[in-house]
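Please look over the sequence and the model together before reading on. The report below is meant for someone meeting this structure for the first time.

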Amino acid sequence: MSDDGLYSALVQRGMTRRSFLKFSSAMAAALALPLSYAPRIAQAVESAPRLPVIWIRAQTCGGNTEAFLRAGDPTVSSMFLETLAVEYHESFLAASGASAEQLRTTAMERYPNGYVAVIEGAIPGMAGTCLVGGRPVDEVVREVADGALAVIAVGSCAFDGGIAAAANAQTSSGGVRALVGDTKLIMLPGCPLNVVNLTSVIVHYLTQREWPATDLVGRPLSAYGDLVHNQCERRPHFEFGEFALAWGDEGAQRGWCLYKLGCKGPEVMANCPTVRYGEGASWNVRAGHGCVGCVMPDFWDAMGPAYKRLPSPVPFMPALTVDTAGVLMVGGIGAVAGAHAVGMGVRFKRRARIARREAALAAAGAGDTAGVAATEPVTTGPVAGEPVAASAAASEPTTDQPAGTPAQDGER
Ligand code: SF4
Ligand code: SF4
């Protein structure tokens, strides 16, 4: 593998300067940065070395590798393909078995702490389910992750087990987090992932020398920071109440909102409407199918059925139904109202007491002291702002003698 920098590798591949600058603009958009960042991205990528990648396939259909291989946009995805040094990916190797494993260990030794580990597929819990070079894949993933700059989990299976961890699955599978921990793990779920997001994560590292900020489940905020619904071109129809009610009906033909046909866009965080698939040509809602929420945790079970509206009104809480949310809200509002009522009762009582005492003191000023004693026995401490009672003033020491000083003989 050549050690030329990224830019020279691209130029050797025939990429024009114009395409390169377009790529930089596309990356700025994918990273949710202003376009003014594009020249900085171009400059950083120009001077960057190739970033070696070791790609491990665990329990997977290979869809993410397919997405990687089929990336055809010369200005974006080919850039990724041509400039990253993919040191090991079993699907790309002519070698197999022990020779392929030797290539992996050689690559790890050549770039100690200097490669990116990409993990595709779920990690099975059932012994003997998925072997790489005759060894359990979890051992191999741990070994590769140990020496990596970062571990990027691509696709929904690497994210949390995907279909291999869905209800009634047989292999006790899960995502890579249990093996790798959170410190250097970046999640790019999707079924499959969008290669543009993988590219933009790498470009972020090359540009900033750090990995992008992520949400609570490890997904970069630049790619998974906004609802699909907020970015969808059918959103105006949602606002106007224009819904397709059956596949192929007039609403569907007119491009109306697919919410009532099961679109999960209002509950899904992803940039699919802006980055799109197929060289930016389209995405599923544009093509006429609702979002099924493939980037969400536990999506096979939590986001289904695909053609039914989700009852949950809260993103990340797909199990929460509208009914439960309503009960919780009514209960919460009742509790707040009750607390408010108690607080107001105490306040009114206190105000009434102050008013009575002020009236009594005014009466006392007019010489009606007997009335004061009769109507207002003092049972609590002083109220802020009240005048000091005459009896209290009378008990105050009249000299500078400090409180507690014993009285001297002859002073009694
Ligand atoms: S089609 Fe889906 S994502 Fe688009 S506006 Fe309707 S509900 Fe939202
Ligand atoms: S629009 Fe929804 S189903 Fe389609 S790729 Fe994006 S998150 Fe997955």
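The model is a predicted one, and its chain holds 20 helices and seven strands. Of the 412 residues, 34% count as buried. Among the contacts between residues at least 6 apart in sequence, 69% join residues that are at least 24 apart.

In soluble globular proteins, nonpolar side chains tend to be buried together. Here the largest nonpolar core has 85 residues, and those with the most contacts inside it are Ile54, Ala117, Ile119, Val141, Val151, Ile152 and Ala153. The element that gives the most to this core is α10, with seven residues.

Helix α10 covers residues 195-208, and its 14 residues should span 20 Å at 1.5 Å a residue, which agrees with the 20 Å that separates its end C-alpha atoms. Because 12 of these 14 residues are buried, α10 is largely enclosed by the rest of the structure. Among the buried residues of α10 are Val195, Val196, Leu198, Val201, Ile202, Val203 and Leu206, and also Asn197 and His204. The helix is followed by arginine 209, whose phi is positive, near 60 degrees.

Helix α7 covers residues 137-146, and its buried residues are Val137, Val141, Val144 and Ala145. These four cover an arc of only 100 degrees around the axis, so they are on the same side of α7. An α-helix has 3.6 residues a turn, so residues three or four places apart point the same way. Valine 141, one of the residues with the most contacts inside the largest nonpolar core, touches Ile56, Ala58, Ile119, Ile123, Val176 and Leu179, when residues up to four places away in sequence are not counted.

Tryptophan 55 is found in strand β1, which covers residues 52-57, and tyrosine 259 is found in the loop between α14 (250-253) and α15 (272-275). A residue counts as buried when 20 or more other C-beta atoms lie within 10 Å of its own. Tryptophan 55 is therefore buried, with 24 such atoms within 10 Å, and tyrosine 259 counts as buried because it has 21 C-beta neighbours inside 10 Å. Leaving aside neighbours within four places in sequence, tryptophan 55 is in contact with Val86, Tyr88, His89, Val118 and Glu120, while tyrosine 259 is in contact with Phe238, Phe243 and Arg309. The table sets out one pair of residues for each of them.

| Pair | Apart in sequence | C-alpha to C-alpha |
|---|---|---|
| Tryptophan 55 and serine 91 | 36 residues | 9.4 Å |
| Tyrosine 259 and alanine 244 | 15 residues | 7.9 Å |

Which residues are the closest around ligand 1? There are 15 residues surrounding ligand 1, and the closest are Cys232, Cys257, Tyr259, Cys263 and Gly265. The elements that give two or more residues to this shell are α12 (228-231) and α13 (235-239). By class, the shell around ligand 1 has 10 nonpolar, three polar and two charged residues.

Ligand 2 is surrounded by residues that include Cys272, Cys291 and Cys294, together with Trp283, Asn284 and Val295. The shell around ligand 2 divides into nine nonpolar and three polar residues, with no charged residue.

Note on methods. Residues are numbered from 1 along each chain as its sequence is written. Chains are lettered from A and ligands numbered from 1 in the order in which they are written. This is a predicted model: local features need pLDDT of at least 70, side-chain atom pairs count only at pLDDT 80 or more; totals for chains, interfaces and linings use all residues. The expected span of a helix is 1.5 Å times one less than its number of residues. A residue is near a molecule or strand if its C-beta atom, placed from the backbone, lies within 6 Å of it. Ala, Val, Leu, Ile, Met, Phe, Trp, Tyr, Cys and Pro count as nonpolar, Asp, Glu, Lys and Arg as charged, and the others, Gly among them, as polar. Two residues are in contact if their C-beta atoms, placed from the backbone, lie within 7 Å. The arc is that of the directions from the helix axis to the C-beta atoms. A nonpolar core is a set of buried Ala, Val, Leu, Ile, Met, Phe, Trp, Tyr and Cys residues joined through C-beta atoms within 7 Å.
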